[in-house]
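Let's walk through some side-chain contacts together, from rings to charges to a metal site. Have the model open beside you as you read.

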Amino acid sequence: MIRNPEARQWIEEMISLCKPDNVVWIDGSDEERRRLEEEAFRTGELHQLDQQKLPGCVLHRTAHNDVARTEHLTFICTRRQEDAGPTNNWMDPQEAYSKVGAMFDGSMKGRTMYVIPFIMGVPGSPFNKIGIELTDSIYVVLNMRIMTRMGKVAADELGTDREFTKGLHCRGELDINRRYILHFPEDNTIWSYGSGYGGNVLLGKKCLALRIASYLGWQEGWLAEHMLIVGVQSPDGETTYIAGAFPSACGKTNLAMLVPPESMPGYKVFTVGDDIAWLRIGSDGRLWAVNPEAGFFGVLPGTSYKTNPNAMETMKRDTIFTNVVLTPENTVWWEGMGVDPPARGIDWKGNEWTPDSPEPGAHPNARFTAPARNCPMMDPRWEDAAGVPISAILFGGRRARLAPLVYESLDWEHGTFVGATMASETTAAATAAAGVLRRDPMAMLPFCGYNMARYFRHWLEMGKKIASPPRIFHVNWFKRNAQGEFLWPGFGDNLRALEWVIRRCRGEVSGTETPIGVVPAADELNLNGLDLEPEAIRELLAVDRDAWREEADSIEEFFAKFGEEFPQELNAQLAALRRRLG
Ligand code: OXD
Ligand code: MN
C-alpha cells in the first residue's frame, strides 16, 4: 500500500532490525479495527466494555510504572548539543542510535509489527505533515486511529515523493531502566522504546506535532504550539478565534469545551482543538491555526457533567479508556466523575477495589482517547485546510497571588516576553501558601524540539512578519485571596474574561494601563449574574508592584540560563518592565 520508495526502504531496514514474526500494513478500515480489537480482547491488551451503554468503547491498563510522560527519559538528539539547548536532555545521535538500536535489535521477535501511515493535519491541506509509525502495540494502532487521519488516506497522500517523519516504537520490556523517547530532528526521526503510555508512544502527538514540528516550524517559518483553539461566537453572530497555551493540568480541554453561563445569553463556543496548534501566516497577513489532531487524549479524573459536559458526551462511544475503574456493570468510573463510585470494582492496576480502598481507583493521569467528531461543539471550520484566523493568543498558568485575572500585553514583542516568562505553581497546598514555581515558557518546556533561546528568537521574528498579528493576553483563573480561597469561579465564567479579550480585539474597550500591561477597567468585565464582592473584583484585577518586582528578579534568574543566544529584546523587555514598576 505504501508506494514511497524511501519509506519502503526504511521500513525494510527497521524490519531487519526489530525482526518481527509478522508485519501488518494498516489501512484504517473498520474491518481492520474489528480484527485488531478481537485480537487484543483475546490477549487481554484490551477489555471490551458494555456495548449497549458504551458502544465501541474499550478499557486498557498500562504497566504500573508506565503511566505518564517520562521527561527525564526524553531526548533531543542533534549533532551539536547547543542545538538542543539548555532546557532539553541531549544525546549524541550516533550514541543514541547505537545504544537504543541495540534494544530494538530483535525486540519484536514473537510479535507483530504494525505499519501505520498517518497524517497530522487535514488530508489534502498543504500544511499537513505525514508520518509513519512502526509499532508492536495494537493499543497504539487503535489510539492512532482516533488521534490522527491514518491508513490508506495517509499512504495515498504520502504518494511516491512526500517527505515523512520516521517513527519507530516498541514496548520492549516496559522496564523504566530500558525506556527512551528519542527525537532526531535533523533526520526527521523518532524512536520510542520501552513504554506503552500515550504521550510517549502515540508518536504523532507530542513527539511529531510538537517536538519535531517546532523544529520544522523554525526552519520553515511557522509555529507548532502547545495550544488549544476555540471559536467564540458573540451575540451579534461574529466568531472570534482564540488560541491558548497553558501547562498541563491548567484546564486546556475545559476551556476548549467551555459552556457559556446562562447569564451570558447569545454566546456560543466552538472547539477547534484542545492541545496543539500549528500557526502560519496567511496571505491576508493574519495568523491562521490548524489543529493537527483528529481526537482528544484527555485527563479523566475531575472530568464530569459539571466540569466538562461536552467531554462527557464525546466519550460516550468509540472511546479508549486507560487506567480507570472497571465497574461490575462492565462500565467505567473515575474519581471526580460526578457519580457515586461502584460498591466494588477493579482498579487501574487490575486489583479488587472498593471506595474504602486506601488508593484511588483510577490513576490520577487516567485518560480517554475519543474522536473529535464525537464532540457536540466542534467548530464548523475545525477541518478547514487553511485553519481558522486567530485574533488573540492567551498565555496562562496557576498563580495564587501574582497575576491578575486577565491582562493584555503591549505588543507582540512584549507578548513574547509574557509567554517566555509563563509559570505555574504546584497545587498541593490548599492555603495561600505559595506553591513551587515552575517556569514553562509558552507551556512548551517539555515539547520544544530545539534550543529554546532560538525558539524565543523565532517568536520575535514571526511577529515582524505578521502584518495583522493577534493580540497577546495573559490569564490566571487561579488567583486566591489572603485566606487561600479562589477569587474566581472559573469554568464557564471564564467566558467573561474571553469577552473582554474579544472586545479589546474589536477596539470596544480601552482598559486600564498598568506596569505589566492593560487590565480591564472596573466596569468593563461582564459580571451579570455573578455574585462577587467588589473587593474580590478589585483583588482579581490588582497589580501588586512589590510582588512584580520580586517576579522580575526571578525572571532575570530564569533568563540567565539561556546563555549567549538569548534574544536581547527579551532582556530589554525585562528592563522596561522594571522601569514601569518604578
Ligand atoms: C500533556 C498532554 O501531557 O497533553 O500535555 O497529554
Ligand atoms: Mn498537552
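## Aromatic rings

Phe-558 and Phe-562 are both buried, where buried stands for under 20% relative accessible area, exposed for over 50% and partly exposed for what lies in between (1.4 Å probe, protein chains only). Before going on, please note that this is a predicted model, in which local features need pLDDT of at least 70 and side-chain atom pairs count only at pLDDT 80 or more, while totals for chains, interfaces and linings use all residues. Residues are numbered from 1 along each chain as its sequence is written, chains are lettered from A and ligands numbered from 1 in the order in which they are written, and side-chain values use heavy atoms, with hydrogens and water left out.

How do the two rings meet? The centres of Phe-558 and Phe-562 are 5.3 Å apart and the planes stand at 85°, so this pair is edge-to-face. Rings of Phe, Tyr and Trp (its six-membered ring) are taken as a pair if their centres lie within 6.5 Å; planes under 30 degrees apart are stacked, over 60 edge-to-face, and the rest tilted. By this rule there are 27 aromatic pairs. Another of them joins Phe-184 and Trp-191, with centres 6.1 Å apart and planes at 75°, so it is edge-to-face. Phe-184 is buried at 0% relative accessibility, and Trp-191 is buried at 7%.

Ring pairs also build a cluster, whose members include Tyr-215, Trp-218, Phe-417, Phe-558 and Phe-562.

## Charges over rings

Two arginines sit over ring faces: Arg-280 over Trp-222, at 4.2 Å from the ring centre, and Arg-480 over Phe-486, at 4.1 Å. The criterion is NZ of Lys or CZ of Arg within 6 Å of the ring centre and within 35 degrees of the ring normal.

## Salt bridges

Side chains of opposite charge can pair when their charged atoms come close. With a salt bridge taken as a side-chain nitrogen of Lys or Arg within 4 Å of a carboxyl oxygen of Asp or Glu, the whole structure holds 46. Here are three of them.

| Pair | N to O distance |
|---|---|
| Arg-439 and Glu-551 | 3.1 Å |
| Arg-506 and Glu-508 | 3.5 Å |
| Arg-506 and Glu-238 | 3.9 Å |

Arg-506 is in the loop between helix 13 (494–505) and strand 30 (512–514), and Glu-238 in the loop between strand 13 (227–233) and strand 14 (239–245), so their bridge ties together parts 268 residues apart in sequence. Helices (H or I, at least four residues) and strands (E, at least two) are DSSP runs, numbered from the N terminus. Arg-506 is partly exposed at 28%, as are Glu-238 at 43% and Glu-508 at 41%.

What about Arg-439 and Glu-551: buried or exposed? Both are buried. Arg-439 belongs to strand 28 (residues 437–439) and Glu-551 to helix 15 (residues 545–560), so this bridge ties together parts 112 residues apart in sequence.

A network of salt bridges links Arg-80, Glu-82, Asp-83, Arg-454 and Glu-565.

## The manganese site

Which atoms hold the manganese ion (ligand 2)? Lys-206 (NZ), His-226 (NE2) and Asp-275 (OD) coordinate the ion, at 2.2 Å. Their spacing in sequence is K-x19-H-x48-D. Lys-206 lies in helix 8 (residues 204–220) and His-226 in the loop between strand 12 (223–225) and strand 13, 20 residues apart. Lys-206 is buried at 7% relative accessibility, and His-226 is buried at 2%. Donors are N, O and S atoms within 2.8 Å of the metal (3.2 Å for Na, K and Ca); water is not among the atoms, so sites may look incomplete.
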